[in-house]
Amino acid sequence: MVTSLRIASSEAAKPIEGYLAPDHEQEWLMSGVDPEIIRRNVRSLRDTDFDPFTHEASYPIAELLNWKVTRFGQQARESVRGWWVSGIDPLNHWQRMEWGRFKPDADTPIVDRTKSKPAKYLSPSLGKGSSRLILLDVPMRIWQKVAERFEIEIAGATNFWEWVWRNNLPIVLTEGEKKAGCLLSLGYAAIALPGIFSGYRRETRQLIAELGHFATAQRTVHICFDHETKPRTLQNIFLATSRLGQLLTNAGCQVKVIALPGAEKGVDDFIVARGHAAFAKLYESAVELEFWQASKLWSLTYTPSLTLDQPYLGDLSYPDSGLVCIKSAKGTGKTTALQGLIKTATDASGTAKAERKVLVITHRIQLGKAICQSIGIDWITDALNSENPGSYGLCIDSLHPNSRIRFNAAEWEGAIVILDEVEQVLWHALNSATCYNQRVRILETLRELIETVLATDGLVIAQDADLSDVSIDYLRGLAETPVTPWVVVNQWKPEISWSVSLYDTKNPAPLIDRMESVLKTGAVFVCVDSQKVRGRWSSKNLETYLRLQFSEKRILRIDSETVSDPDHAAYHIAERINDVIGDYDIVLATPTIGTGVSIDVRNHFKGVFGIFQGVTPDSESRQALARVREPVPRYIWAAHFGPGKIGNGSCNYRDVAQSATKSVQYNIALLKDIDFDLDEQSNPIALRTWAKMAARVNASLWRYRREFRNGLLLEGHTVTLVTDDLTKMFGQLPITDQMVAQLKTGVLKIPGFEFLEARHDLKVCDRIAQVISAIRTRNQTAEAIAVSDSPEITPAEYYELKEQAEQTVQKRYSKRKHELKRKYNVETITPEIKLKDDDGWYTQLRLYYYLTRNPEYVRLHDMQEIEDHLERGDGKISIQDVKLLTAQVEALRSLKILEFLKPGEKILATDDLVQFVATTALECRDDMKALFSFTVTEKLAPIAIVQTLLGKIGVKLTCTGRAVAPDGRRGGLRIYKYFPPQDDRDSILAEWEKQDLAMLQTLMEVTGCNDFSEMDEWIEQSA
């Protein structure tokens, strides 16, 4: 970035000289530009002018564009005509800039020789890297508009742009002078770039000098480029916006992106067509750069081979071979459209392609079974009972040679492979815990499968309502040879919209109150994204509450436990859901039944409710709400932000990938005796795809409720915000007691809002929240006792149980108990251990152990961890799965965290140790984020940084009082002390140490070394 120049206050710039033709003025007026802005900055030009007195010829266009006159040729030719625009120069005391832009008239074109077509705009030919920007001069009337918008006084300033610069006002960057003029006319400080890539120098990756001058700390910069539909242009806009935005961010600016919705191309077209208020909404709803980047990862820019606009796909003429990608909304019959293709492929009396094997790959068992039933092939469990399994469906978890099916990609030559809900299938393969142990083999088998099928004239069909470039790029990257996908885009969107009440409240208690009201009129369907009892508003806890409140109601809970329990009514319900769901008054469903399952019963449910904590992205949660096809009212509560962020939590996929890689690199560097090449032994395509999908998830979870609402509006639903926040309803208007009273009684209504107290008694809502909390505590305790008391099982029984799809409650408890015993290496699992483990105690305790014990233990652990990953992956690893601890332990040691673990010592926020930790953490903020997923900012208090780091090892400092203030009064600095935790950790850590000491001694006996430093030398000598 160019350092801002400190320029003294300047006089107003002189208006541009010359004649302005009416047609040129009209062109600018049609873009919504104020007439005086036009007259101050634009003039008309011809290629040849004659002085009326001397009769000498001049060539103004050539002179301004720095052309030689001979470029016009010596022979007579038709006159070139057009308009010229130039603005203010921030690097020359805010005076008129000599550089500008020329637009030839359409009927007197100038051919761009490099592109062999008429040039739309021309800039002075001053050599590579000479482009500048345009700051249009504005009259006082427009200046006053800007001042009023941002509530900043002009206070005697004489130059508008210097005033903008000095007051650090927000600016808008757009492509083109007419667009900037239109925005300035509305009172926005808009700067025109001559092109989307013109804000920085590509060679040096630095902002151009004029823009660098405005790139001051804390300035808000909005980037507003055109709406485009061409794939190549879209990619360029993404690249240009990302690079420009990152350079501005690096300079300290707060960058936001205004995304034009279309169909109007430029912002001036949008404003002229839709009005000032429409743009004001876009401006206010502009998203931060990283959120915009993540949202673009959902886009599909491949040129469609077939474009449809119909409620059902119907019969598609699929190609015989290649990669087919289908994007079509929920409920448009993507599975049904496959039936004819599959029948022909599996029918021996069909065409030459008859008896082709068909493989369906999904991410959820219930969804997969429903698809297989629809197209007439077996699910994997049935295929296993066949002597010669042919076509079947399976979960991607089983797509590897070690699964029960012993999957072999070579057996699928020429086959049809269907990846249904491909976005979620790939995300499941790349990130889910259930794929952890076999992830590398699953991804490698998927690569072999896609490569084999495409190389043998087979057909791969990838379909999803939210199909994006990310999935298509990944599948293409798996193919051995380049493949051009056959893309079908069905643009049809459901015409039936929902009436949605979105609860903007601290918890879902008012929503539960509303549910009780709706239950009086009929049945309800309830979507939740949390199942386990530790989740306050989980399906289990809600079921307990509703059974207590409505003992006479028939309740069905559908989650991963009940659908696999032969003793439960929800067992294997996906295949028969429409046959049985009408027998229940309340249906509680988690994401286990998955997208693609359609609930088509009519006149049964009176409302669909959703309680979403942010465990799943908002797109998946909205899909869950759409399972009930009938357009009954929707009532939704969504958390402000979700807890399940991926990797380092960033919305920038490069940042996510680099952070994961950096963490592994740090640890490998510390484990000197590991023979490991990260580049050779990992999959960059898989890592990049994981990072892109992770960034999308993170973007959703950071602003979960807001993104949820935006998604509903984009789908065409009517959303009413139920809130008690009066500022959201009235803005900054004065609010009287009478207005509040009228809101409560319903006399006063605000479009798009519903006052919370108009329908809900807040005391009743508080009681609901208290009862739910008590139920959670009771259920957690009961489950912990049940796990503690469950029968013991052997390791062999445990592994057999893990492979079983059908599991009773008792089997699950025994399995959980066995897992806890193995994790903590103890003979007895108490209810307390189970409860603490639910809260993440194991991760904290393990880091505490390695920090407070022999440093060689953590190296021993990480060496074994790497070896385990390499063994499972046949010599390769999946970077996102590698969680090594050596670097974390060394970082905590360097930060002197152990010095806080001294019982009884007083600690103040001003202590040197506290200040050292805070300062060091701030200086190493990137490393802190990579190692601990902890974002350190200047706003965090030093003691808060210390407490966060202590929390990573499961301990804390306790405030015991306040010191005496310097003036002798009470209320000085808080006094903190460390009190050792009173839990079972000492006995657990002792067992861990016995185990590690035995392993270390065995290792030393084998090598003849006394410590790791000696073993490093032994390894080098052995090599």
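Residues are numbered from 1 along each chain as its sequence is written. In this predicted model, local features need pLDDT of at least 70 and side-chain atom pairs count only at pLDDT 80 or more, while totals for chains, interfaces and linings use all residues, and side-chain values use heavy atoms, with hydrogens and water left out.

Colleague: What volume does the largest cavity have?

Modeller: A cavity is a set of points on a 1 Å grid over the protein atoms alone where a 1.4 Å probe fits but cannot get out. Points are joined across faces, edges and corners, and a volume is the space filled by probe spheres set on the points. Four cavities reach 30 Å³ or more. The volume of the largest cavity is about 140 Å³.

Colleague: Which residues lie closest to the centre of the largest cavity?

Modeller: Lining residues have an atom within 4 Å of a point. The largest cavity has 13 of them. The closest to its centre are Trp298, Gln424, Ser619, Glu620 and Arg696.

Colleague: Which residue of strand 21 stands opposite valine 360?

Modeller: Strands are DSSP runs (E, at least two residues), numbered from the N terminus. Two strands pair if DSSP finds at least two bridges between them. Strand 19 (residues 358-362) runs parallel to strand 21, with four bridges. Opposite valine 360 stands glycine 393.

Methods. On a 1 Å grid over the protein atoms alone, a cavity is a set of points where a 1.4 Å probe fits but cannot get out, and a pocket is an open set with protein on both sides within 12 Å along at least five of seven lines; lining residues have an atom within 4 Å of a point.
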